[in-house]
Amino acid sequence: MNFVLLGAPGAGKGTQAELMRERLNLEHLSTGDLLRAEMNAQSELGAKAKSYVESGSLVPDELIISMIKEKLTKIGPDKKGFILDGFPRTVAQAQALDKMLSELGAKLDYVLYFEVSWDVVKERLLGRRVCKNCGAIYHIKNKPPENEGVCDLCGGELYQRKDDTEEVIKNRFEVYEEQTAPVIDFYKTKGLLKTINSNTSAEDTYSQIEALISDRV
Ligand code: AP5
């Protein structure tokens with residue numbers, strides 16, 4: 001099964017994608033995580049993406065599309081499908097994805113739109129902490145690690161993303177409303193969109209996904 005996860009910054013896409021990856025044996029491709037890894041590795045792509053990511057603007061479509069295309073072609077046969085988290089984020093990216101998938105002889109099964117209120121996401125983003133080593137996602141109140149600042153899974157150091165500040169969060173939201181919200185209509189028209197209420201706990205949100213796909217697993 002192949003999924004696209006859509007939703008505002010902080011809607012919980014990464015959190016649900018990790019649960020789905022583990023429980024459904026899917027490949028998780030997060031464009032945000034891939035870009036941050038390129039930035040940490042100081043690659044050419046990382047250098048080109050840095051100022052966009054840190055200011056909360058979108059990285060140009062052509063860079064993102066070629067990065068995803070490369071990853072999609074490398075998914076191993078041991079996986080039961082993929083989750084695209086943070087891609088597509090513009091209608092041009094959604095059209096490019098259609099083309100890529102038809103070339104690969106694949107298709108999307110579900111586009112999950114995580115609906116959430118502004119107050120909830122703001123609190124989630126300001127409290128988010130991420131493991132520098134394995135990328136596990138925490139929250140200072142909703143999902144605190146056992147030992148402050150230390151990842152439960154690998155012992156790595158937890159950090160606050162540079163784009164999780166009040167000012168950058170505001171920009172990310174404006175960019176989302178302008179450039180990503182139209183992608184919701186793109187998939188609604190295709191009949192693929194399923195809305196998930198993400199104002200609830202992570203497990204309650206996952207239960208909604210589980211119910212949706214119950215006849216397929
Ligand atoms: P990206 O990393 O994709 O950021 P985002 O879309 O803003 O999404 P987030 O990672 O902030 O939120 P999320 O929905 O995954 O929430 P999470 O599960 O972590 O992109 C970063 C940047 O990269 C972009 O601004 C852009 O510059 C660039 N970029 C990426 N993709 C691109 C593309 N396709 N095109 C162009 N540029 C691109 O949860 C947030 C917090 O809430 C966590 O602390 C978590 O523990 C907590 N939480 C989650 N769910 C729950 C719940 N149900 N209850 C309580 N707490 C919860």
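Which loop does Asn25 lie in, and which helix and strand stand on either side of that loop?

Author: Asn25 lies in the loop between helix α1 (13-24) and strand β2 (27-30). Helices (H or I, at least four residues) and strands (E, at least two) are DSSP runs, numbered from the N terminus. This is a predicted model, with residues numbered from 1 along each chain as its sequence is written. Local features need pLDDT of at least 70, side-chain atom pairs count only at pLDDT 80 or more, totals for chains, interfaces and linings use all residues, and side-chain values use heavy atoms, without hydrogens and water.

Back to Asn25. Its phi is positive, about 55 degrees, although Asn25 is not a glycine. Most residues other than glycine have a negative phi. Asn25 counts as partly exposed because its relative accessibility is 28%. The cut-offs are these: buried is under 20% relative accessible area, exposed is over 50%, and partly exposed is in between (1.4 Å probe, protein chains only).

With a relative accessible area of 72%, Gln42 is exposed.

Another backbone feature sits at Phe87 and Pro88. A cis peptide bond joins them, with omega about 0 degrees. Most peptide bonds are trans. Pro88 is in the loop between β3 and α5.

Now the whole chain. It comes to eight helices and eight strands. The radius of gyration is 17 Å, which agrees with the value near 17 Å for a compact globule of 217 residues. That radius is taken over C-alpha atoms, and the globule rule is 2.2 Å times the number of residues to the power 0.38. The C-alpha trace spans about 45 × 40 × 35 Å along its principal axes. Of the 217 residues, 46% are buried. Among contacts (heavy atoms within 4.5 Å) with a separation of 6 or more, 71% link residues 24 or more positions apart.

Strand β1 (residues 3-7) comes next. Five of its five residues are buried, so β1 is largely enclosed by the rest of the structure. Phe3, Leu5 and Gly7 point one way, while Val4 and Leu6 point the other way. β1 runs parallel to β3 (residues 82-85), joined by three bridges. Val4 stands opposite Leu84 there. β1 also pairs with β4 (residues 110-115), in the parallel sense, over five bridges. Phe114 of β4 is the bridge partner of Gly7. Two strands count as paired if DSSP finds at least two bridges between them.

A separate topic is the antiparallel sheet. This open sheet has three strands in the order β6-β5-β7. Its edge strands, β6 (137-139) and β7 (158-159), each pair on one side only. Three bridges link β5 (residues 128-131) with β6, in the antiparallel sense. The loop between β6 and β7 holds Glu148. Glu148 is exposed, at 81% relative accessible area. Glu148 and Leu158 are ten residues apart in sequence, and their C-alpha atoms are 8.5 Å apart in space.

Helix α6 (residues 118-127) lies across β5 and β6, at about 40 degrees to β5. Axes are lines fitted to C-alpha atoms, for helices over the stretch in contact, and angles run from 0 to 180 degrees between N-to-C directions. Val121, Arg124, Leu125 and Gly127 are buried in α6. The buried residues of α6 pack against β5, β6 and α7.

That brings in α7 (residues 166-189). It packs with α5 (residues 91-104) at an angle of about 40 degrees, with axes 8 Å apart. The two helices are therefore oblique to each other. Under 35 degrees counts as roughly parallel, over 145 as roughly antiparallel, 65 to 115 as roughly perpendicular, and the rest as oblique. From α5, the contact uses Val91, Ala94, Gln95, Leu97 and Asp98; from α7, it uses Pro182, Val183, Phe186 and Tyr187. These residues divide into seven nonpolar, one polar and one charged. Here Ala, Val, Leu, Ile, Met, Phe, Trp, Tyr, Cys and Pro count as nonpolar, Asp, Glu, Lys and Arg as charged, and the others, Gly among them, as polar.
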